[in-house]
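Thanks for coming, everyone. I'd like to walk you through one model today. Please have a look at it first.

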Amino acid sequence: MFSRGGPTEVRAIADVECDLVVRGGTVVTAGGSGECDLGITGGRISQLGGAPRGRREIDASGALVLPGGIDMHVHLTSPEPPEPGVPGWVDDFASGSAAAIAGGVTTIGNMTFPAEGQSLRQALDRDLRAAGGTAAVDYVLHPVLYFASPQALAELPGLASDGHTSLKLFMTSAEFEAHAAEMIEAVAAAGQHGMLTLIHCEDGALIRFAAGRLLASGRGSLDHWAESRPDSAERAAVERAVAICEATGSPVYIVHLSSAAALRSARRGQARGLPVFVETRPLYLYLTSAALREPQGGRYIGAPPLREPGDVAALWAGLADGSVHTLGSDHAPWSLRDKVDESLDVTTARQGVADLETVLPMLFSEGVRAGRLSLSRFVALTSTNAARLFGLYPRKGTIAVGSDADLVVLDPRLRRTIDGRAMQSRADYSVYDGREVFGWPRFTLSRGDVVLADGQVLAEPGRGRWLSRGPTAAP
């Protein structure tokens with residue numbers, strides 16, 4: 001069997017029924033938990049409970065058996081190949097998959113940005129080629145709509161019928177403001193075809209106004225990042241997104257919501273029965289704007305910026321009460337040198353951090369272990385809700401007979417001190433460096449394959465599959 005403390009050992013078992021048995025763990029879903037064994041055949045869960053037998057066994061005693069994590073917000077590709085000497089995100093589908101596996105994430109959603117002159121379809125085809133030979137976990141692609149041209153709108157029905165049932169918009173873009181009517185038409189069309197529209201909610205005009213004032217007053221350095229993107233800009237954009245949802249009847253998914261004010265706006269829409277769904281980001285649960293004022297505070301820069309202690313408390317409350325539906329890493333990793341470059345200012349700051357490997361363990365340690373979240377709520381936030389919203393349930397996001405055998409055997413006693421230099425991402429630091437975290441994967445399984453054992457990533461590049469999706473469904 002896969003021994004718990006030493007090198008991985010595989011033992012044949014007589015009277016074979018399943019390919020693999022996970023034995024002795026506590027199985028947890030969004031609906032509850034209980035101790036039982038489970039059998040896996042042909043990459044899917046074939047038996048729950050009873051006494052399954054198989055060719056191999058995993059010893060899950062003392063551990064939790066959870067659905068594989070689903071992180072629907074990562075950045076592993078750029079519109080154009082990076083030019084020599086020009087900094088960019090340092091991960092791709094290969095290193096990003098390894099980081100996901102090490103952290104218990106088995107399905108990712110990559111933001112696909114069209115290059116200049118590319119259609120949405122061409123951008124998707126480009127990223128499908130990039131992932132095809134390198135991704136080791138299953139993946140979906142979210143096409144980014146920068147220009148709501150008639151040609152782009154005409155693509156949406158075909159994309160939806162082919163299983164690309166999501167669309168991403170940026171309210172920060174000047175193009176959004178210049179073509180707001182067409183962008184709203186895109187949201188309406190997406191909803192008509194079962195697509196979920198992801199929206200980056202910060203008002204671009206307000207941000208440009210704030211940044212301009214800071215630069216004019218000589219306060220444009222990175223330590224003024226929070227002031228350059230005030231929560232009023234986020235709140236205004238969320239209010240507008242809720243209004244667009246109400247006008248079109250189409251579901252909207254607010255990515256990386258960061259503030260109490262913005263969450264109150266989203267909740268008001270939810271209270272009226274509108275399909276307004278909210279994602280938050282790990283950064284906003286563990287750090288505040290004080291970190292931005294530390295030496296090399298630029299390492300923490302993301303958009304929206306880190307907020308205040310009251311915002312952190314509000315987001316934890318939203319995770320617990322259901323007004324925040326998912327946790328997405330927004331994994332967009334840079335090297336530390338490129339993040340803290342002193343030539344940068346509030347208009348050129350490099351946004352994004354590495355968080356794929358830490359998204360699940362950090363939430364378990366600070367959420368479940370600290371008593372803020374139940375185990376079932378943890379599973380809903382990290383897997384089940386995303387599977388429903390993005391048209392993957394029940395193939396993904398749960399532990400049930402017939403579902404893909406995407407599993408994390410998480411040891412709640414396994415303790416590590418975070419060191420970004422030793423992690424799978426090519427980023428050379430973590431924003432959580434030095435933190436002691438309890439609850440790491442002992443094993444990660446993807447479609448029945450053991451892709452992590454004893455801390456070692458075992459997956460072959462290219463084994464990941466693109467997932468065709470159905471229409472969005474409320475969690």
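Start with the outward side of helix α3. P150, Q151, A154 and S161 are exposed there. Exposed means over 50% relative accessible area, buried means under 20%, and partly exposed lies in between, with a 1.4 Å probe and protein chains only. Helices here are DSSP runs of H or I, at least four residues, and strands are runs of E, at least two, numbered from the N terminus.

A quick word on the source. This is a predicted model: local features need pLDDT of at least 70, side-chain atom pairs count only at pLDDT 80 or more, and totals for chains, interfaces and linings use all residues. Residues are numbered from 1 along each chain as its sequence is written, and side-chain values use heavy atoms, with hydrogens and water left out.

Back to α3, residues 150–161. Which of its residues are buried? They are A152, E155, L156, L159 and A160. Viewed down the helix axis, these buried residues fall within an arc of 130°, so they line one face of α3. That arc is taken from the directions from the helix axis to the C-beta atoms.

Contact means heavy atoms within 4.5 Å. After α3 comes G163, with a positive phi near 100°.

Next, R281. Buried or exposed? R281 is buried, at a relative accessible area of 0%. It sits in the loop between β14 (276–280) and α10 (283–286). Leaving out residues up to four places away in sequence, R281 touches H256, G302, A303, P304, L327, G328, S329, D330, G352 and V353.

Now A247, in helix α8 (residues 231–248). A247 is exposed, with a relative accessible area of 66%. A247 and Q456 are 209 residues apart in sequence, and 50 Å apart in space, C-alpha to C-alpha.

Finally, the whole protein. It has 14 helices and 19 strands. Its radius of gyration is 22 Å, close to the 23 Å that the globule rule gives for 475 residues, so it is as compact as a globular protein of that length. The radius is taken over C-alpha atoms, and the rule is 2.2 Å times the number of residues to the power 0.38. The C-alpha trace spans about 75 × 50 × 45 Å along its principal axes. Of the 475 residues, 59% are buried.
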